[in-house]
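The sequence and structure come first, and the text follows them.

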Amino acid sequence: MALVDRVLLGPGPGNPYPEATLALAAPLLGHLDPEFLRILDETCDRLRTVWGTANRRTLPLSGTGSLGMEAAFVNTVRPGTIAVIGVNGLFGHRMCEVAARHGAQVVRVDHEWGAPIDIRRMLDAHPKPDLVAAVHAETSTGVLSDIGGLAEAVHARDERALVIADCVTSIAGLPLNLDEWGVDIAYAGTQKCLGVAPGLAPFTFSERAWEQRVQRPSSWYLDLGLIGDYVSGGAGGGRTYHHTAPTAMVASLHAGLGRILEEGLPAVHARHRAAGEQLQDGLAELGLKLFAADGHRLPQLTTVWVPEGVDSATVRTRLLHDYGIEIGAGVGEYATRVWRIGLMGPNATPAKPALVLAALRSLLG
């Protein structure tokens with residue numbers, strides 16, 4: 001079977017860093033091998049740096065970003081828990097679905113797709129919620145919301161309320177300072193700005209959240225108490241087997257994080273910002289209109305209106321077959337009306353926006 005090489009410029013996965021790919025080919029280690037446990041511990045430390053947190057319970061969960069979302073709610077929601085959730089795209093909607101399935105009383109705060117979360121409306125939605133949740137970088141719309149401002153406002157009113165943030169598209173692409181912001185629980189995925197293949201969910205859980213956790217959650221697999229006894233050791237300090245961790249994926253994440261931290265987070269963030277600006281300026285020069293609200297556009301994931309009279313699927317198919325470039329369609333009612341173009345991880349360089357702009361210029365005439 002012939003190998004197919006793609007330039008992955010959709011909403012994810014993106015192309016991985018070479019270091020992350022090479023780590024997948026290293027000799028496989030067992031999940032209780034001392035060398036693997038050293039790699040796991042160092043991976044958790046590196047995640048703390050990227051998250052901007054000192055949370056002890058910071059780890060890569062064995063599953064994709066959606067599993068991280070599930071873990072956030074299954075460990076905090078009891079029947080009747082009041083959860084105020086901002087919805088300005090698909091993944092805010094999914095938060096509502098997951099929280100409701102675990103018994104939360106969901107107070108949904110809908111926003112126009114393409115607009116950021118409105119902090120005042122979130123506060124006004126309920127006088128005393130147990131949880132407040134929102135998406136930091138909404139993958140379906142390319143919009144950035146002020147999660148730090150939201151967390152500060154929530155805790156100023158009620159220190160007990162927990163703040164949950166979806167950071168799947170923001171981690172390693174934008175600055176994250178969870179401890180400074182007061183975000184209690186956050187989850188992400190590996191396949192975007194971290195530059196690693198999909199398969200793990202970076203996750204962090206504060207001490208305040210730990211004190212309020214569900215002691216016996218409905219999911220055994222996602223019970224943070226049990227997972228923590230394996231990842232960081234139980235009361236006696238020893239590791240207790242929980243599940244067979246995907247050791248090759250953890251090694252790959254370890255390598256990808258090492259690549260990012262060697263470059264330096266400020267430089268990585270600046271690289272994503274510059275690539276996004278180059279793409280968005282170039283799209284404007286082509287006469288295309290951006291979808292997300294001005295001033296709240298993600299640099300690493302750009303949403304753009306499909307030009308009038310142009311068939312979205314035909315252009316995406318030709319990009320893939322003629323140029324080997326993948327971009328994404330929109331979501332929901334915007335499925336045929338919006339393109340999503342990602343410049344994440346190693347694709348956040350001047351060459352990649354130049355490449356996709358040249359291809360679009362050729363196809364759109």
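In helix 3, the buried residues are Gly65, Leu67, Gly68, Met69, Ala71, Ala72, Phe73 and Val74. Helix 3 spans residues 65-74 and is mostly covered, with eight of its 10 residues buried. Buried stands for under 20% relative accessible area, exposed for over 50%, and partly exposed for values in between, with a 1.4 Å probe and protein chains only. Helices (H or I, at least four residues) and strands (E, at least two) are DSSP runs numbered from the N terminus.

The model is predicted: local features need pLDDT of at least 70, side-chain atom pairs count only at pLDDT 80 or more, and totals for chains, interfaces and linings use all residues. Residues are numbered from 1 along each chain as its sequence is written, and side-chain values use heavy atoms, with hydrogens and water left out.

**Pocket and cavities**

Helix 3 also takes part in an open site: it gives three residues, the largest share, to the lining of the largest pocket. The volume of the largest pocket is about 280 Å³. It is lined by 16 residues, and Ser66, Phe91, Val168, Gln191 and Lys192 are the closest to its centre. By class, this lining has seven nonpolar, six polar and three charged residues. Ala, Val, Leu, Ile, Met, Phe, Trp, Tyr, Cys and Pro count as nonpolar, Asp, Glu, Lys and Arg as charged, and the others, Gly among them, as polar.

Pockets and cavities are found on a 1 Å grid over the protein atoms alone: a cavity is a set of points where a 1.4 Å probe fits but cannot get out, and a pocket is an open set with protein on both sides within 12 Å along at least five of seven lines. Lining residues have an atom within 4 Å of a point. Grid points are joined across faces, edges and corners, and a volume is the space filled by probe spheres set on the points.

There are three cavities of 30 Å³ or more. The largest cavity has a volume of about 110 Å³. Its lining consists of 16 residues, with Pro60, Leu61, Ser62, Ile227 and His243 nearest the centre. This lining divides into 14 nonpolar, two polar and no charged residues. Strand 2 (57-61) and helix 9 (224-231) each supply at least two residues to it.

The second largest cavity holds about 80 Å³ of space. It is lined by Arg56, Arg57, Thr58, Leu59, Phe205, Leu224, Ile227, Gly228, Val231 and Ser232. Strand 2 and helix 9 again each give at least two lining residues, and helix 9 has the largest share, with four. Here the classes are five nonpolar, three polar and two charged.

**Salt bridges**

The model has 17 salt bridges, a salt bridge being a side-chain nitrogen of Lys or Arg within 4 Å of a carboxyl oxygen of Asp or Glu.

Arginine 101 and glutamate 97 both belong to helix 4 (residues 90-101) and are four residues apart, about one turn of the helix. Arginine 101 is exposed at 68% relative accessible area, while glutamate 97 is partly exposed at 38%.

Lysine 128 lies in the loop between helix 5 (119-124) and strand 5 (131-135), and aspartate 158 in the loop between helix 6 (147-157) and strand 8 (162-166), so the pair ties together parts that are 30 residues apart in sequence. Lysine 128 is exposed, at 55% relative accessibility, whereas aspartate 158 is buried, at 13%.

Arginine 208 is in helix 8 (residues 207-211) and aspartate 184 in the loop between helix 7 (178-181) and strand 9 (185-187), so this pair ties together parts that are 24 residues apart in sequence. Arginine 208 is partly exposed, with a relative accessible area of 27%, and aspartate 184 is buried, with 2%. Elsewhere, salt bridges that share partners join Glu19, Arg259, Glu263 and Arg271 into one network.
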